[in-house]
Every structure is written in C-alpha cells, then in structure tokens.
Amino acid sequence: MILLNPKNYSWDPLDQRSREIMLKTIEFFEGKGRGKTKKDDRERVWYKDFLDFQKSERAFSTLLTPTPYALDPDSRWDTWRNCAFNEITAFYGLQYWYTWQVSILGLGPIWMGQNEGVKKRTAELLREGGIFAFGLSEKEHGADLYSTEMSLEPAGDGKYSANGRKYYIGNANEAALVSTFGKFTDSGDYVFFVVGDRSGKFEVVQNVVNSQNFVAEYALNDYPITDAEILTKGRDAWDSALNTVNVGKFNLGWATIGICTHAYYEAIEHASHRYLYKHYVTDFTHIKQLFVDAYTRLVAMKLFALRAIDYMRSASADDRRYLLYNPMVKMKVTTQGEEVINLLWDVIAAKGFEKDTYFEAATRDIRSLPKLEGTVHVNMALIIKFMPNYFFNPAQFPEIPQRADAADDAFLFNQGATKGLGKIQFHDFNIAYNSVDLPNVSVFKDQIEVFKELLLKAPPSEAQTDDIDFLLILGELFTLVGYGQLIIENSKIVGVSDELLDQIFDFMVRDFSKFALQLYSKTSSTDVQMDLCMKMLRKPVADRGRFEQLLTEAYSLQGQYRWND
Ligand SMILES: Cc1cc2nc3c(=O)[nH]c(=O)nc-3n(C[C@H](O)[C@H](O)[C@H](O)COP(=O)(O)OP(=O)(O)OC[C@H]3O[C@@H](n4cnc5c(N)ncnc54)[C@H](O)[C@@H]3O)c2cc1C
C-alpha cells in the first residue's frame, strides 16, 4: 500500500537506524494519543514533550547533520528518509512538523555557508537536541528581500553591531541559533549571520500567531556580532537564502500528504459506520465518487512527490531539473491537498468540525501550505520560465533510478548561483507518456498536443505575459503535464496497476479541461486562443469496471488505522 499506515509502517527501503527513528516517532504520537495531542493543540501548549523526545532519540541530529559534520555514524542529510519524517510528523499534527521544518530552514544558510566554526558548533548543538530558526522575513516587506532592513554596522576589528527586527520566525523563542539575513550598513551587501546569545540584546517581542507554534517577532538591539558568526556575504548570502527555501519548500508537499492521509482514514471510518435512510453513507453514489477522487488524487500526490525526491537527490550543476519539480511539489501537491480535504469534508460533513477529530485541524492547516514559502502565484511565475525548454528543447539525460540509497545529499548545500533558470533543460516528457497505452492517458496526450499548438500558434502577448493571473492558468496547464509525467515514471518504479493509473488520468483530463475553460474565459484571450482552448476540453473515458475496482481499493482503507485515544 502506497499510503502511510502507522499501524503497519512501511517506507521501503529504510536502513535500520532510520526505521528506528520513524517507528519511535510513531510510538511517541500513538503513546501521546489523540486526546492529549488535541488538547495541547486547543490550549496552544509549547511542544516540549516532542522536542524532548527528538532530543533523546537524536532524531534531528541524525537526520539533519550532513556527513562531513556528522558526530554519529548514521547522520547524513538524506532527502529520502527526511520525507518519511515529514509525512509522519504532519500525519499527527502540522505543528510538530513545523518545528522540524523551520529547523531545516535555519540550518540551510549554516550548511551552505563557509563558516566551519559555526558548522562544527551546529553539529554539537543538534546533538544536544537544539532546534534552529530562519530569520528571513520582515514585517513590512513580505517576499521582497531586496528591501530587508536588518542591518550589520561594522565597528572595526571584525566586529559589528546588529540592529533590526524579523517577523514570522518559527522557533525563534528557543532556537539554539537563528540564521539572520541582513545588509551591511556601509556597502549595502547582503549578509547571513547567526545569533544565539539571549542575554539581553536579542529580544523575543511576541508570538505572532495563535498556535502551539511560536512564530516570533524578534529584535536585535545593538547585538554584538563578530566575523565568527558570519555565514555568508554578498551574492553568496542572497543565493543561500533562495537555495534554503528551495530545500525547505519541498517539505510542504510532504506535510500535505501526511495531513490528507490521516484525514482520509477518519473520513472513511466515519462514513462506513454512519447509517442514514437505511444506507451506509459509503453506499451513496456521490460518496463513492468523492472517495475515488480523494483516493486517486492522494495517491497521485504521493507518486509524484516520491519521484521528485529522485530528481532532488540526483541534482548536480549539470542537472537542475529539480528546480522545476521542487516548486511543483510545493504548489501542486499542496493545492491538491486542499482539494482532497474539500472532497473528504463533503463526506465527513459536521463531524469534521468536532474538536477531538484530526480532521478539524486538517481543515485549518491544509490551507496554510500553499501560501507559505511563496504563494502559488509566486511559484507559478517561477516555473513558467521553464516552459519553452520543457516543451520544445529537451535534452538527453541518463535515466534516474529510485534514490532510496543512504547517500548524503551534498549538492543541496552547494547549489550555486540562483540565476539562469530559463537555460535549464529537461528530458523529453514524451518518453513517459509514450511508455503507457491507457485510454485516459491517450486523451491527456491529445490535450497536451493542443496546448503545445497554442504555445506555438498563439503564445501569450506581452500584455498577457504581464498578467500574472493569465500566466497562472497557463502555468496550471503546464504543471499538469509535468505532474502526469512523473506520476507515470513512478508508477513503473512503485508498481501501480493500469486501472489506478488510468483512474488518476481520469481526473487529470478533467483538470486539464477545467483550466482550458478558465483560459478560454479570460477577458484577454484571443479568438485563436479560445478556439484552441475549446479543443482542449475533453471528457475522460468512462469505465464502470475500473471505477468499481478503484472504489474497492479506496474503501479497503476502512478499519486500517485509528489513532489511539
Ligand atoms: C505561520 C507562518 C510561519 C512562517 N515562518 C517563517 C520563518 O520561520 N521564517 C521566515 O523567514 N518567514 C516565515 N514566514 C513568512 C512567510 O514565508 C511569508 O509568507 C513570506 O515572508 C511572504 O510574505 P507574505 O506572506 O506577507 O506575502 P507578501 O510577500 O506580502 O505577498 C503578498 C501578495 O503579493 C504577491 N507577490 C509577492 N511577491 C510577488 C512577486 N514577485 N510576483 C508576483 N506576486 C507577488 C503574493 O503572491 C501575495 O499574494 C512564516 C509565515 C507564517 C504565516
């Protein structure tokens, strides 16, 4: 079974130590139980118990220390197993995932920097159970990093004085080190430095959010810095900010998968026991459709995100394809997650509001993931740059196998310049699409051909290119093509049945039609564009037998998992 079931955990392959961390984490949450976890959520209790647990198990230390700085033999930065940890923590509560996630972000500029002293200290702090924070955002400037106001004023002899405020910084209340982004007052160059001394000049102003998480506003008031705390300067500091987000935002898709999987178990459990008008809710026709759609969308999310791991881990200066698949995990998987929760909420209905359900928190948390670390619009604006080369200028690459090996993902901390995205090439997406012969994949391939025709015959005008909303729809269509490609690639690796793959392409065809209609309806779309959009509108091939088979599969999750009370 591809979906996580903590009662029968399988994330294969995993070495012994990694499996031990995953199983102990499950044991921690099952031991804590639903009642206490939900109570802590309602009462916004700082998750000291979880942090104590991770400290005693050396979980963050093992999972987040790259090999060159490892103090234990099993420590390495291994995206394969880190995704397993993402999935489990979010399965039990997004807040537990968040403290791990912002530690990852805080560690990014450290491991990417050139300061060997800080790196060695960080490995020790991790081993002592420390958590970390990433001080990038400022209250007034949002995604606009150019306007950063945090400043470092040189005072001679390699000494500086830091002044300024950061806002929305997770873990900053307790982090052993807070990686902080700022500018030198004299040169205006960017700089990343760490702060950790809490004896007065580091002020935690407030928790900005209403949550178990501590998402801080903090101020540095003449905080003394020396060269020993500086991680990177100038272009390197800028690149490490963006490259850290590249590493971190991948995890948002994985958190989404964890949330949706738990919500799915609750929904199927409830619906299959609820008896109305002499029927179980699972017998209603529309409920069957909702479950088949939720199940196939969720499996597709995981198939895609698993395959994206392979490209993340195989990335190199010559293979930067991950820069397309990674934002797709961030924005496509997270928005698909919202869709899955919407579908399931129509099933579980009032029950999804109850305070003791996981579902109630899922409906709240699922909405945050598409919006953080770059909104859908921002990520779409990013990937649209890849579209010409993706469709019209493919390159040859050796085939990437599943990357579940126990390797250290060193390239992620050595990604280099963040420029030149438009030059990145991809392998031919037709290789995947032509490798299967299924009715809905064929319809989808026809839709792709018309989309390509649109890009050649009626590409967006200058005004349309300036309209982010127009680009967003174009980007959605492009994203579907890449999404389907990696799903097909992984269906062979994981061993997905033809029926399941074809049912996945049933919703893919519908989604393609939906976005084509949106493009058609844009005020600025031209006659030629509208004609081609109409040609993209297609209906999936219906197959009752396939649907029934998938329904059985979707319903087989009933009774498989229930959180200990
Ligand atoms: C719970 C939570 C935890 C967080 N944790 C951290 C953390 O630990 N560390 C940290 O540094 N930050 C953190 N953040 C900040 C987060 O990453 C912010 O979302 C980010 O700084 C962007 O700011 P903003 O959301 O206010 O949006 P803004 O940047 O103000 O954007 C507003 C709107 O403008 C659009 N927009 C912005 N830029 C562009 C562009 N270039 N092109 C087109 N449209 C654009 C956006 O799509 C959006 O619709 C956190 C935020 C929250 C809510």
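The model is predicted. Helix α2 spans residues 48-57, and helices α9 and α10 come within 11 Å of each other, axis to axis. The structure holds 0 disulfides.

**Helix α2**
- The buried residues of α2 are Phe 50, Leu 51, Phe 53 and Gln 54.
- They sit on the same side of α2, because they cover an arc of only 155 degrees around the axis.
- An α-helix has 3.6 residues a turn, so residues three or four places apart point the same way.
- Exposed Lys 48 and Ser 56 lie on the face of α2 turned away from its buried side.
- The cover over the buried residues of α2 includes α1 (16-42), α3 (59-64), α4 (79-92) and α5 (94-112).
- Arg 58 follows α2 and has a positive phi, near 50 degrees.

**Helices α9 and α10**
- The axes of α9 (residues 322-348) and α10 (residues 358-365) cross at roughly 145 degrees.
- The crossing is left-handed.
- From α9, Ile 341, Leu 344, Trp 345 and Ile 348 make the contact.
- From α10, Phe 359, Ala 362 and Thr 363 take part.
- These contact residues divide into 6 nonpolar, 1 polar and no charged.

**Cysteines**
- With 0 disulfides in the structure, Cys 83 is in none; its nearest cysteine sulfur belongs to Cys 260, 16 Å away.
- Buried means under 20% relative accessible area.
- Cys 83 has 0% relative accessibility, so it counts as buried.
- Cys 533 has 1% relative accessibility, so it also counts as buried.

Notes. Residues are numbered from 1 along each chain as its sequence is written. This is a predicted model: local features need pLDDT of at least 70, side-chain atom pairs count only at pLDDT 80 or more; totals for chains, interfaces and linings use all residues. Side-chain values use heavy atoms; hydrogens and water are left out. Axes are lines fitted to C-alpha atoms, for helices over the stretch in contact, and angles run from 0 to 180 degrees between N-to-C directions. Helices (H or I, at least four residues) and strands (E, at least two) are DSSP runs, numbered from the N terminus. A crossing is left-handed if the near helix is turned anticlockwise from the far one by less than a right angle, and right-handed if clockwise. Contact means heavy atoms within 4.5 Å. Ala, Val, Leu, Ile, Met, Phe, Trp, Tyr, Cys and Pro count as nonpolar, Asp, Glu, Lys and Arg as charged, and the others, Gly among them, as polar. Buried means under 20% relative accessible area, exposed over 50%, partly exposed in between (1.4 Å probe, protein chains only). The arc is that of the directions from the helix axis to the C-beta atoms. A disulfide is a pair of cysteine sulfur atoms within 2.5 Å.
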